[in-house]
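Dear colleague,

Please find the structure below, followed by an account of what was found in it.

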Amino acid sequence: MTGISFKSVSMAYDGVRVVEGLDLEVQDREFMVFVGPSGCGKSTALRLIAGLERPTSGDIHIGARNVTQVEPKDRDVAMVFQSYALYPHMSVAENIAFGLKVRKMPADEIAARVKEAAELLGLQKYLDRTPRQLSGGQRQRVALGRALVRRPSVFLFDEPLSNLDAELRGVMRAEIAKLQRRLATTTVYVTHDQVEAMTMGDRIAVLAPLDRGKGRNLMQVGAPLALYDRPANVFVAKFLGAPRMNFFSAVSNGDRTLACAGLSLDIPTTYVGGSALAPGKSVLVGIRPEHCTLGAFDGRPGGFVVSGLVDILETLGHETIAYLSTPIGPIVAKLPAGATGLKVGENATLTLDDRRFHLFDPETEARLAERL
Ligand SMILES: Nc1ncnc2c1ncn2[C@@H]1O[C@H](COP(=O)(O)OP(=O)(O)OP(=O)(O)O)[C@@H](O)[C@H]1O
Ligand SMILES: [Mg+2]
């Protein structure tokens, strides 16, 4: 059983706080993704697990062991970096074998493990080449192979796909996720790419820099769709989803409706109400672009209808993204490819699905209480 726990972990570089009071559990065999904007401390958190950094306070456990004071080489973790960090003068086979050799593993055992990893990663043909003679994706596989042969208790990945082109990134994303399931090894994967986060992990931990997270790093942790459907705060709501969630300000009428730009909109029935929705209270309303449809609602009455000027149209083939200026502010809508009758510079009417509103407290930026 190899879970990982951060227990009230704080970390500062030269007195500058980067991680503050982080409490987080990664389950045995789980694929956990750390996602967040640049500088939020993702790599630092990963390096703390690896032992490449030491916390200023708090403890880190791997399995049953408190590893806070344990040397990196004794933590039984293998890390894959964005830069691959391959040895240029060694062959692929030697690169993969390197970590085993320094641990003085018998040569026949090393050969067997290298062969197995090469088969798993489709590298059999390249074992005698040097990294220079490989494509980016092949180099990335070698870096993976070097981690795999160690058969560690924990895999740590720091943005391993960011040097690859979009197509290869998609392929490797699926390969790493598949491999992780097959090996059933506890994994922490760092990325700033919300698509990788949504598609690869069993759970996602969304991290923020301390100044944007109001003194905390961990904004929310949970299954990808749980975070997408019920972001706990504005930070998570904005971070997951592209184009990102639309926001506009409204004021509660106190009768389960909100007033906004002279219009009235219904509050979804799941929201508890109470003091956060007392008459006159300001509310920040979020709506995802895919919950804004063109024209009147199909099939049911209701919805919140807004009209506005079409500023930009992105016709992507499989869908059209429309950017509108409306009385409630700018609204981005994700529309079906065939959405016709839209022209830049002309007016269009959108219906926002009032069952899909996300309500936040504008001060704390926390999601308002719901009864689910
Ligand atoms: N060795 C260091 N010395 C001083 N400050 C550092 C050091 N390493 C990182 N930092 C700072 O700590 C903060 C967190 O850095 P970290 O590398 O963990 O961010 P990250 O989330 O991985 O970002 P990115 O997505 O850009 O890789 C940043 O503000 C960074 O400037
Ligand atoms: Mg980083």
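Tyr84 counts as partly exposed, because 19 C-beta neighbours fall inside 10 Å; by the rule used here a residue is buried if 20 or more other C-beta atoms lie within 10 Å of its own, exposed if 12 or fewer, and partly exposed in between, with C-beta atoms placed from the backbone. Tyr84 sits in the loop between strand 6 (77–80) and helix 2, and its phi is near 70°, a positive value in a residue other than glycine. Helices (H or I, at least four residues) and strands (E, at least two) are DSSP runs, numbered from the N terminus.

This is a predicted model, in which local features need pLDDT of at least 70 and side-chain atom pairs count only at pLDDT 80 or more, while totals for chains, interfaces and linings use all residues. Residues are numbered from 1 along each chain as its sequence is written, and chains are lettered from A and ligands numbered from 1 in the order in which they are written.

Two further residues have a positive phi. Ala261, in the loop between strand 12 (257–260) and strand 13 (263–266), has a phi near 50°. Ala261 counts as exposed, because 12 C-beta neighbours lie inside 10 Å. Most residues other than glycine have a negative phi, and most peptide bonds are trans. A cis peptide bond joins Ala242 and Pro243, with omega at about -10°; Pro243 belongs to the loop between helix 8 (234–239) and strand 11.

Overall fold

The protein chain contains eight helices and 20 strands. Its C-alpha trace spans about 75 × 45 × 35 Å along the principal axes, and 37% of its 372 residues count as buried. Among contacts (C-beta atoms, placed from the backbone, within 7 Å) with a separation of 6 or more, 66% are between residues 24 or more positions apart.

The domain assignment gives domain 1 (4–239) and domain 2 (246–360); such bounds come from an automatic or database domain assignment. The C-alpha centres of the two domains lie 39 Å apart. Four residues from domain 1 and four residues from domain 2 make up the contact. On the side of domain 1 that touches domain 2, three residues are nonpolar, one is polar and none is charged. For these classes, Ala, Val, Leu, Ile, Met, Phe, Trp, Tyr, Cys and Pro count as nonpolar, Asp, Glu, Lys and Arg as charged, and the others, Gly among them, as polar.

Core and helix packing

The largest nonpolar core has 96 residues, and those with the most contacts inside it are Phe34, Leu156, Val188 and Val206. This core draws at least three residues from each of domain 1 and domain 2. A nonpolar core is a set of buried Ala, Val, Leu, Ile, Met, Phe, Trp, Tyr and Cys residues joined through C-beta atoms within 7 Å. Beyond its neighbours within four places in sequence, Val188 is in contact with Ile4, Val26, Met32, Phe34, Leu46, Ile49 and Leu156.

In helix 2 (residues 92–102), Val92, Ala93, Asn95, Ile96, Ala97 and Leu100 are the buried residues. They pack against helix 3 (107–121) and helix 4 (136–148).

Ile328 lies in the loop between strand 17 (319–326) and strand 18 (329–336). Ile328 is buried, because 22 other C-beta atoms lie within 10 Å. Not counting residues up to four places away in sequence, Ile328 touches Phe248, Cys260, Ala261 and Val306.

Four strands form an open antiparallel sheet in the order 2-1-4-5. Strand 2 (16–26) and strand 5 (65–66) stand at the edges, each with a single partner strand, so one side of each has no neighbour in the sheet. Strands pair if DSSP finds at least two bridges between them. Strand 4 (residues 57–62) is joined to strand 5 by two bridges, and His61 has Asn66 as its bridge partner.

Strand 11 (residues 246–252) runs antiparallel to strand 14 (residues 282–287), with six bridges between them; Phe247 stands opposite Gly286. Strand 14 also pairs with strand 20 (residues 358–360) in the antiparallel sense over three bridges, where Leu284 is partnered by Phe360.

Ligand 1

The residues around ligand 1 include Tyr13, Asp14, Lys42, Ser43, Thr44 and His192, where a residue is near if its C-beta atom, placed from the backbone, lies within 6 Å. By class, this shell has three nonpolar, seven polar and two charged residues. Its largest share, three residues, comes from helix 1 (residues 42–50).

With kind regards

Definitions and conventions
Contact = placed C-beta atoms within 7 Å.
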